Amino acid sequence: MLGFLVRLLPFWIREPLIILVGTVFGVRILLMALVDGEGWVPAVIGAVFLLGAALRVRVVVHALRARRRPAPATEAELVPVTPAPVTSAPVIPAPVTPAVRRPVEKKPNAFAQASFAIGLFAVIGGALWIEGKLPEDGTAATGASRPAACRLDEDEELPSAYRSTPGAVTGADLCRALNGTELPELLGTPAERSVYASGTDNTAPLTDRKVAQPEARVEFETYTVELSATYNKLTLAQYAKLTTYGDGRDARKLTVLGRPALLTSDHMMKIQFDLGSGEGASGPVEQGPLARTLTVAFDGKDRGGSYDLTVWSESGLLPDDSALVDIAEAVLPRITRGARGQD
C-alpha cells in the first residue's frame, strides 16, 4: 500500500524522498553493524539501502541532464529550402486569417506537489500513530491487553473416552474459559498479558485411554496456569485421604462454589534434553519449581471427578491461596461444551 502511494508522487518529489530515506536507513543500519557490533547481516542490509539510494541519485542526474540538453532538430528543419524563382506576375495579397490562440500549457505547480506529498505522509504517519493508540478489543481502556489465542489440535481425532463420557468438555472448552482478560489481575500481575495459550484433549495416565482428561495452559511472564478436568470415579473425599499418606502439610480443605475443594502443593518435574546443539546434556528427571493446586469437585454431592487448577512459576514464587479461589470462582462457571465436544 505504501509503495503504491509513493508511486503516485511526482518524479521530482518521489526520487529525492527515496534517496533521503534510503540514505538515512543505510547509514543507521551500518552504524549498528560497525559500532554496536550487530554482525555482518545488518552491514549487508545497510549497504543495500545505500546502493539503492546511489542508483536513484544516478537516475535523477540523468533526468537533470536531459532537461538541460536542447532538443534535437527534426528532419524537416535540416533539409535546405530552395528559394522559389522570382516571377513578374502581379502579387495578389493573401487573405488575412485570424490568428488562432492556443491554450497556454500549464506547468505543474511545484509548491502544490510538495504540499500534497507532505500532507500525504503526515496522514500516513498519523494513521499509524492512532492505530498504535487504539484499544485492543476494547480492553486497553481498562489496562488489560487482549490475551494470546488458544492453540488447539483441530486435526487430531477426539479420543473415544470423550464420546463415551456424557458431558465431557474438551481442551478447547477449558482454554476458552481460562484464557480471560481478568486472569492477570486475579494473579496479582495486572500489567501482564498471556504469551501462550493452548488446549489439549488428553486422557488420564494408567487408564488405557479410557478416562478423559482435557487440559488447558496459559503462560505469562511471571506465572503459568493450568486447568484440567478428570472424569473418573474418584471423589474428593477419597483424594483427600490419599494426601494424608504423603507429606500433606500444605493440604487444606475448603468449599468453592458450594463444592468440596482441596488445596495441595507439589513440585513440577524438570526434564532436560540435548538436541545436538552442545549447549546442554540429557539427564534424569529433576525436581522442578513448587506448584500450588486447587482441586474442586464437579458437583456439591462429590459423586466423582474434579477440576484441577494449578499455578507455578520458574522463580518459585506462588500467588496467595485466595488468588486460586478467585480464579476458580471466575473460570469454572463459564466452562461450557463447544461444537467439538458435542460431536
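Modeller: In this predicted model, the side chains of arginine 252 and aspartate 321 meet in a salt bridge, with 3.5 Å from N to O. The term salt bridge denotes a side-chain nitrogen of Lys or Arg within 4 Å of a carboxyl oxygen of Asp or Glu. Arginine 252 belongs to strand 5 (residues 252-256) and aspartate 321 to helix 10, so the pair ties together parts that are 69 residues apart in sequence. Helices (H or I, at least four residues) and strands (E, at least two) are DSSP runs, numbered from the N terminus.

Both partners are partly exposed: arginine 252 has a relative accessible area of 40%, and aspartate 321 has one of 21%. On this scale, buried means under 20% relative accessible area, exposed over 50%, and partly exposed in between, with a 1.4 Å probe and protein chains only.

Two conventions apply to what follows. Residues are numbered from 1 along each chain as its sequence is written, and side-chain values use heavy atoms, with hydrogens and water left out. Because the model is predicted, local features need pLDDT of at least 70 and side-chain atom pairs count only at pLDDT 80 or more, while totals for chains, interfaces and linings use all residues.

The structure holds 7 salt bridges. One of them joins glutamate 182 and arginine 334 at 2.5 Å, N to O. This pair links distant parts of the chain, 152 residues apart: glutamate 182 is in the loop between helix 7 and helix 8 (183-187), and arginine 334 is in the segment after helix 10. Glutamate 182 is partly exposed at 24% relative accessibility, as is arginine 334 at 33%. Another salt bridge connects arginine 217 with glutamate 219, whose closest N and O atoms are 3.5 Å apart. Arginine 217 counts as partly exposed at 27%, and glutamate 219 does so at 23%. In general, side chains of opposite charge can pair when their charged atoms come close.

Leaving aside neighbours within four places in sequence, leucine 294 is in contact (heavy atoms within 4.5 Å) with residues including Leu254, Val256, Leu324, Val325 and Ala328. In soluble globular proteins, nonpolar side chains tend to be buried together.

A disulfide, that is, a pair of cysteine sulfur atoms within 2.5 Å, joins cysteine 150 to cysteine 175 with S to S 2.0 Å. Cysteine 150 lies in the loop between helix 5 (110-133) and strand 1 (151-152) and cysteine 175 in helix 7, so the pair ties together parts that are 25 residues apart in sequence. The link is left-handed, with -95° about the S-S bond. Cysteine 175 is buried, at 0% relative accessible area, whereas cysteine 150 is partly exposed at 28%.

The loop between strand 2 (196-203) and strand 3 (212-219) contains aspartate 208, and arginine 209 is also placed between strand 2 and strand 3. Aspartate 208 has a positive phi of about 55° although it is not a glycine, and arginine 209, likewise not a glycine, has a positive phi of about 60°. Aspartate 208 is exposed at 63% relative accessibility, and arginine 209 is exposed at 54%.

As for the whole, the protein chain has 10 helices and 8 strands. Of its 343 residues, 31% count as buried. Among contacts with a separation of 6 or more, residues 24 or more positions apart account for 63%.
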